[in-house]
Amino acid sequence: MSASGSGSKPQSGNTAAGGSKPQKRESVQPLNPPVTVRRIAERLEEAGYETWCVGGAVRDALLGHPHLDWDLATAAKPEEVRKLFKRTVPVGIEFGTIGVLDINNVMHEVTTFRRDVNTDGRHAVVEFGASLEEDLARRDFTINAIAYSPKLDEMRDPYNGREDLERKIIRAVGDPWERMREDRLRGLRAIRFGARFGFEIEPKTWAAIVESAPHLSRLSAERVKQEIEKTMDQVRFPSQAFAKWRDSGALAVLIPSLAHVTNQQLRPLDHLRRPILPGRPARRITRIAALFAAAPGVTVRKTLKDLRFSNSETEWIAILIERWQQLGPSMTRALLDVEEEHARDPWGDRTPPSRVLRSWAASAGRTRLAPLLRLADAFWWAAREAGQPAPYKQTVAATFKSAVKIAYKDAIELADLVIDGSDLEKIGIRGPQVGVTLRRLLEAVINDPRQNIRDRLLKLAQERGGATPT
């Protein structure tokens with residue numbers, strides 16, 4: 001995703017509404033919005049309100065990508081939309097947006113044609129009563145300024161968005177500097193779209209993004225967090241996006257601790273899977289951990305809290321990074337040793353000894369071990385790619401399988417011991433010595449699970465805790 005190249009060719013038809021060039025009107029093959037969306041559009045049209053499908057769904061349909069969130073732009077004002085539909089949600093009524101629930105309980109945003117009359121760089125004051133052309137003129141990028149009418153089977157594309165889709169270009173609508181001044185978030189959105197679709201950012205648009213970067217402090221922390229999460233969710237190779245955050249100056253403003261992150265430090269992000277499956281929410285968190293692993297450890301918690309990550313998310317990410325920084329070198333060495341031994345004895349194990357895997361599980365925590373190993377795998381992959389010593393994927397895969405099985409089968413936490421503090425008190429161990437003794441017993445069990453028998457642990461406790469039999 002380069003900021004230079006083929007995007008420098010002047011674009012034809014890039015005039016705002018009211019310009020001298022005629023409006024483009026073409027009949028196209030239907031984009032086939034869902035029947036539920038067509039019914040909403042039909043209801044509005046039957047009531048006398050011009051209505052068009054707009055935004056990301058039109059763009060994605062033209063790219064051949066599935067898209068569930070079909071939005072509409074209409075001449076109807078918010079109160080008129082609410083009268084026409086029984087189930088609505090005022091999701092942004094001051095900006096003209098009403099959520100209309102279809103028969104499948106899916107919400108579609110229906111927004112009144114509007115024009116901006118004032119903006120502070122993030123929030124716009126809008127005016128209703130605009131035309132479709134005026135509404136498209138206020139949008140961010142040409143690929144998002146395409147409208148389709150199911151009723152007319154007609155497409156409006158006044159800024160040649162389809163041409164930019166074909167040329168794989170991210171280009172601002174009209175004057176890119178004006179678009180960035182209207183909404184500073186657009187620079188980050190341009191970067192995300194470019195990385196998501198593998199598009200280049202047109203040079204003037206990129207220049208406007210760079211010039212806009214010092215003003216990104218206007219964005220709320222919640223918006224920045226949301227943009228990070230969207231990038232992790234939507235972009236296959238997030239390193240490209242965050243390298244652009246760095247190169248544009250966005251990281252220096254928004255996440256100073258990552259201002260000087262290197263391409264090599266970002267590469268592990270690309271090996272971690274996207275969180276596209278509903279049952280795998282941890283994938284996003286692991287990607288975020290890979291990003292912040294490049295920041296100085298002492299800054300991670302504060303940075304995450306400043307970005308409005310929840311307390312539980314902050315702790316999970318921070319601890320995962322800490323465990324990687326603590327265990328990473330020894331884990332790497334252990335797997336490289338296994339590979340050296342395997343080269344001498346091909347019939348030998350492809351994983352470290354069980355006691356080593358138990359110690360990793362105990363240090364990481366039962367539920368954090370799998371994410372830790374996925375994070376480690378991503379860093380090892382990036383190291384191999386850079387020609388640095390790192391375990392091979394076969395060794396990592398075998399270790400992952402064995403380690404996770406051990407973590408959920410063997411005793412690795414104090415609660416897994418067959419005795420507890422009350423048992424120790426009965427043999428004369430009291431006060432702080434109880435906790436010390438239990439931790440020593442756990443170490444013994446991690447080294448040898450056969451020790452996790454009541455009589456053996458009580459005997460060990462007497463020996464190591466200094467208690468006398470009663």
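Are Phe193 and Phe197 buried or exposed? Both residues are buried, where buried denotes a relative accessible area under 20%, exposed one over 50% and partly exposed one in between, as computed with a 1.4 Å probe on protein chains only. The model is predicted, so that local features require a pLDDT of at least 70 and side-chain atom pairs count only at pLDDT 80 or more, whereas totals for chains, interfaces and linings use all residues. Residues are numbered from 1 along each chain as its sequence is written, and side-chain values use heavy atoms, with hydrogens and water left out.

The secondary structure of the chain comprises 21 helices and 12 strands; these elements are DSSP runs numbered from the N terminus, with helices (H or I) of at least four residues and strands (E) of at least two. Of the 470 residues in the chain, 50% are buried. Among contacts (heavy atoms within 4.5 Å) with a separation of 6 or more, 66% are between residues 24 or more positions apart.

A search of the whole structure finds 6 aromatic pairs. Rings of Phe, Tyr and Trp (its six-membered ring) are paired if their centres lie within 6.5 Å, and planes under 30 degrees apart count as stacked, over 60 as edge-to-face and the rest as tilted. The ring centres of Phe141 and Phe193 are 6.1 Å apart with their planes at 85 degrees, so this pair is edge-to-face. Because Phe141 lies in the loop between helix H4 (132–137) and strand S9 (147–149) and Phe193 in helix H7 (residues 185–197), the pair ties together parts that are 52 residues apart in sequence. The relative accessible area of Phe141 is 1%, and this residue is therefore buried; Phe193 also counts as buried, at 3%. Phe193 and Phe197 form a stacked pair, with 6.4 Å from centre to centre and 15 degrees between the planes. These two residues lie in helix H7, 4 residues apart, about one turn of the helix. Phe141, Phe193, Phe197 and Phe199 form one aromatic cluster.

The axes of helix H9 (residues 221–234) and helix H13 (residues 282–292) come within 10 Å and cross at roughly 115 degrees. Axes here are lines fitted to C-alpha atoms, for helices over the stretch in contact, and angles run from 0 to 180 degrees between N-to-C directions. H9 and H13 are therefore roughly perpendicular to each other, a class that spans 65 to 115 degrees, with angles under 35 counted as roughly parallel, over 145 as roughly antiparallel and the rest as oblique. The contact involves Ile228, Glu229, Thr231, Met232 and Asp233 of H9, together with Arg284, Arg287, Ile288 and Leu291 of H13. By class, 4 of the contact residues are nonpolar, 1 is polar and 4 are charged; Ala, Val, Leu, Ile, Met, Phe, Trp, Tyr, Cys and Pro count as nonpolar, Asp, Glu, Lys and Arg as charged, and the others, Gly among them, as polar.

Ser239 is located in helix H10 (residues 238–248) and counts as buried at 8% relative accessibility. Residues up to four places away in sequence aside, Ser239 touches Leu266, Arg267, Leu269 and Asp270.

Several loop positions were also examined. Asn105, in the loop between strand S5 (97–101) and strand S6 (107–112), has a positive phi of about 70 degrees although it is not a glycine. Asp153, in the loop between S9 and strand S10 (154–156), likewise is not a glycine and has a positive phi of about 50 degrees. Asp153 is partly exposed, with a relative accessible area of 23%.
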